[in-house]
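Subject: Structure handover

Hello,

Here is the structure you asked about, followed by notes on what was found in it. Please keep it open while you read.

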Amino acid sequence: MGFYLAQLLTGLANASSLFLIASGLSIIFGVTRIVNFAHGSFYMVGAYLAYSLVTWLDGGILGFWFSIVLAALLVGVIGLVVELIILRRIYHAPELFQLVATFGVVLIVQDATLAIWGAEDLLGPRAPGLDSAVRILGEPIPEYDLALIAIGPAVLLAIWLVFHRTRWGVLVRAATQDREMVGALGVNQAWLFSATFILGSFLAGLGGALQIPREAVSLQMDLSIIGEAFVVTVIGGMGSVSGAFIAAVLISVLNAFAILIFPQISIVLPFVVMAVVLIVRPYGIFGRPGSEHGGTEDPDQPLRLLSGKGAMMLAAAVMALALSPVFVADFTMILLVDVMVATLFAVSLHFMMGVGGMVSFGHAAYFGVGAYAAAMAVKLLGLGMIPAMLLAPFGAALAALFFGWFCVRLSGVYLAMLTLAAAQILWGVTFQWQDVTGGDDGILGVWPAAWASSDRVYFYIAFALCIGGIWALRRAAHSPFGYVLRGVRDSRIRAEAIGVDTRFHQWMGFTVAGAFAGLAGVVFAFSKGSVFPDALGIAQSIDGLIMVLLGGIHALAGPILGAAAFVLIEDWVTRLDYWRVIFGGIILVIVLLAPDGIAGGVNRLMRLLRRDAA
Amino acid sequence: MLDVKTLTARYGRAQILSDVTLSVGENEVVALLGRNGAGKSTTIKSVMGLVQHVSGQVTYDGQAILGRASHMICRAGLGYVPEERRIFGELTVEENLEVGRREPRADAPEWTFEHLFELFPNLAERRRNLGKQLSGGEQQMLTIARTLMGNPRLVLLDEPSEGIAPVIVEQMATIIGELKREGLSVLISEQNLHFARIVSDRAYIIEKGQMRYEGSFAHLDAHPDISTRYLAV
């Protein structure tokens, strides 16, 4: 009995931190509609700052708690700076651009933290006065856990009071429902957004700072918490603070007990819970469909067929690529294969997002399933390269067919979150299922057949598959099926009214996009000779998003430009120290200068030049 | 007081307004008539700074306001009552009014909670209810009351009679009369000629984004062909 109570209390203590960070995320999303990937970074910086302040002040109970609060306040200031210099400029850009910008912030914060605090994990001091354990029903319970259990509800109460008893809180709640109307009633939204950002980052910083007596402060804290924080936010309903609290308790307590039965579950459990909740309640426990007001009002431009000149340029580029093995070095050829794989991956994601109107935070799942299916076909089934290559995309298509069925029941940011959940579940299974997938060690020795083993021959295989795949997706986008998908994207209601089975078409679009991502994964697996769980990871999914958005979502050429730019820039900067700062900086510069992506930016530049010439 | 000249607006590539010109004088109630989709709402939203792609001239009290953020336009003295009401459903009636509350201004009558609850007795009874629990008519009252909390000098009323019961429409007419008595100016967009005639001093008719008529209701009555051409459904 005592043991189970101890487990419950541990779960509740975990819930408090999780609630703090998730509530901040939820508040920021509610008001600004920004899905803030940098929220995990705020959490991490809060922990580092608290560590430094506690060690520096070294002042007993008072000094400890003062340091915690000061660290959280400083993180609030950092949040304000990020809001003022970056996000404020792009509130009118598409939501996903803001997401990419926040990911740029993640990269910069990672390197800044590394530069200031070093790569070593830091072990914080215990909380003075709360450093022992009390026995409850014979089980030792850390006093600090009990303090955390009290802090969670206390913060919830404080937020509730602020939201219901102050004018500012009322404005925040109003803005969560309809921020444009709040503006029309004379409230300066910019000021409201800044204040919201301060509060949200303060809460993230507080969550991080409170963790220092419990876990080592490390550079992995940001991305390890952000997935779970998203899950909690989504389960609770985006924008709902009490929802975040209930979801945090639900996840943490379930987790505390589930690991007793099945220790490997903790990686996947939050995502499974989220998938179940979203299918039953598509907007989370307390969430509501968001207001449409205040978004960008420009409808998507129709996709244009290539002009004669554009088609010629494209043909010339493909020809140059086809001939490149004749005159480039081997390592360049390998790089070009990477570019082609990334391009096919990006084009498949664009097919889903730009054509299908479904944003995916977990497109890497199908890339990874394709790669693993190929590797397992070779290693477990003993198939040759060609049969494996033909078979594996169907594996990815099957996975997309399965998860897509759930995902297309939702829309917008909730759909995106469910794709993330799907990807994390697949990643967790791959990571844990040692016997079949090799777990963390991956599957090695997935080389092309002997006749195809030279870089040049494999280049042409990759060329045929990737360029062929891109061409097929382009055709699909301009086929009647593509028209229907775009119709559904622009207005689901109108599409339904003319008799389109919108869900079915989106489901098929999802599957097609997954299959081609799988094809990219296949080419990737044979070019690297191995696959690791990273292929399905969040980072890979975000890479895809960055490629599509950097290129520009409104043009079919966008993902091609974006992927090429991404791979080439990445290849160049990852050789440098502190490449994340540079890469994050490049992302931010592109986002701030060309909110419509590289393709959009080039278009605008061309128009400008033409006008000057005329 | 409000002068709109050659106002053009578009959503994406579709041009919604072309060269719209109208004016509202001191303590005047002006009706902007037109069919569904003629451009009435877009005109009002453009004045309020809620349409992105606009050009032309909008001056209020001598200052150019086109292109300003909508909160600045509100603070200059314009109050906007949206067609879809846009009540904050998760907030109570009082909280809805609180969102609209602004400091009193020298050039306009000051509205308080008590004053508004007198004018809208239904809302007084439901002050602690959530916005989403109100009936359509009550929501229509609340959206007007919320805007009045900002102490505007000029109220832009977008289709106030749409979708509410006839008895409420009558109440609405009384309220607009009350606003005029208080010294406010009102620009009201309407499809209902009969209702507009009761509450307003003169009329504009807009069709397909262009101004087709400007003048008195008497002239409109004397020339029924005008309203047949531009207003009949």
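In chain B, Tyr80(B) stands opposite Leu156(B) of strand 7. Please bear in mind that this is a predicted model. The two strands concerned, strand 6 and strand 7 of chain B, pair in the parallel sense, with four bridges between them.

On its other pairing, strand 7 (residues 154-158) runs parallel to strand 8 (residues 185-190) of chain B, and five bridges join them. Leu156(B) stands opposite Leu187(B) of strand 8 in chain B, and Asp158(B) stands opposite Ser189(B) of strand 8 in chain B.

Is strand 7 of chain B covered or exposed? Strand 7 of chain B is mostly covered, as five of its five residues are buried. Leu154(B), Leu156(B) and Asp158(B) point one way from the strand, while Val155(B) and Leu157(B) point the other way. The residues on both sides are buried.

These strands belong to an open sheet of six strands in chain B, in the order 6-7-8-3-9-10, with mixed pairing. Its edges are strand 6 (78-81) and strand 10 (210-215) of chain B, each of which pairs on one side only. On average, neighbouring strands of the sheet are turned by 15° against each other, direction ignored.

Helix 1 (residues 40-47) of chain B packs on this sheet. The helix touches strand 3 (29-33), strand 6, strand 7, strand 8 and strand 9 (202-207) of chain B. Its direction makes about 145° with that of strand 7 of chain B.

Why is helix 1 of chain B described as largely enclosed by the rest of the structure? Eight of its eight residues are buried, so helix 1 of chain B is largely enclosed. The cut-off for buried is under 20% relative accessible area. The buried residues of helix 1 of chain B are Lys40(B), Ser41(B), Thr42(B), Thr43(B), Ile44(B), Lys45(B), Ser46(B) and Val47(B). After helix 1 of chain B comes Gly49(B), which has a positive phi, near 80°.

As for annotation, an unreviewed UniProt entry places the feature "domain: ABC transporter" at residues 2-233 of chain B. That span of chain B is 36% helix and 27% strand, and its end C-alpha atoms lie 30 Å apart.

There is also a cavity to note. The structure holds one cavity of 30 Å³ or more, and the largest cavity contains about 60 Å³ of space. Which residues line the largest cavity? Its lining includes Ala184(A) and Leu185(A) from chain A, and, among others from chain B, Cys74(B), Gly100(B), Arg146(B), Thr147(B), Gly150(B) and Pro152(B). Leu78(B), Gly79(B) and Tyr80(B) also line the cavity. Strand 6 and helix 6 (136-148) of chain B are the elements that give two or more residues to this lining. Strand 6 of chain B gives the most, with three residues.

Finally, one residue in chain A. Leu260(A) is found in helix 9 (residues 241-261) of chain A. At 38% relative accessibility, Leu260(A) counts as partly exposed. Leaving aside neighbours within four places in sequence, Leu260(A) is in contact with Phe3(A), Tyr4(A) and Gln7(A). From Leu260(A) to Gly368(A) the separation is 108 residues in sequence and 30 Å in space, C-alpha to C-alpha.

Regards

How values were computed: Residues are numbered from 1 along each chain as its sequence is written. Chains are lettered from A and ligands numbered from 1 in the order in which they are written. This is a predicted model: local features need pLDDT of at least 70, side-chain atom pairs count only at pLDDT 80 or more; totals for chains, interfaces and linings use all residues. Side-chain values use heavy atoms; hydrogens and water are left out. Buried means under 20% relative accessible area, exposed over 50%, partly exposed in between (1.4 Å probe, protein chains only). Contact means heavy atoms within 4.5 Å. Two strands pair if DSSP finds at least two bridges between them. Axes are lines fitted to C-alpha atoms, for helices over the stretch in contact, and angles run from 0 to 180 degrees between N-to-C directions. UniProt positions are given in the numbering used here, feature names are shortened, and annotations may be inferred rather than shown by experiment. On a 1 Å grid over the protein atoms alone, a cavity is a set of points where a 1.4 Å probe fits but cannot get out, and a pocket is an open set with protein on both sides within 12 Å along at least five of seven lines; lining residues have an atom within 4 Å of a point. Grid points are joined across faces, edges and corners, and a volume is the space filled by probe spheres set on the points.
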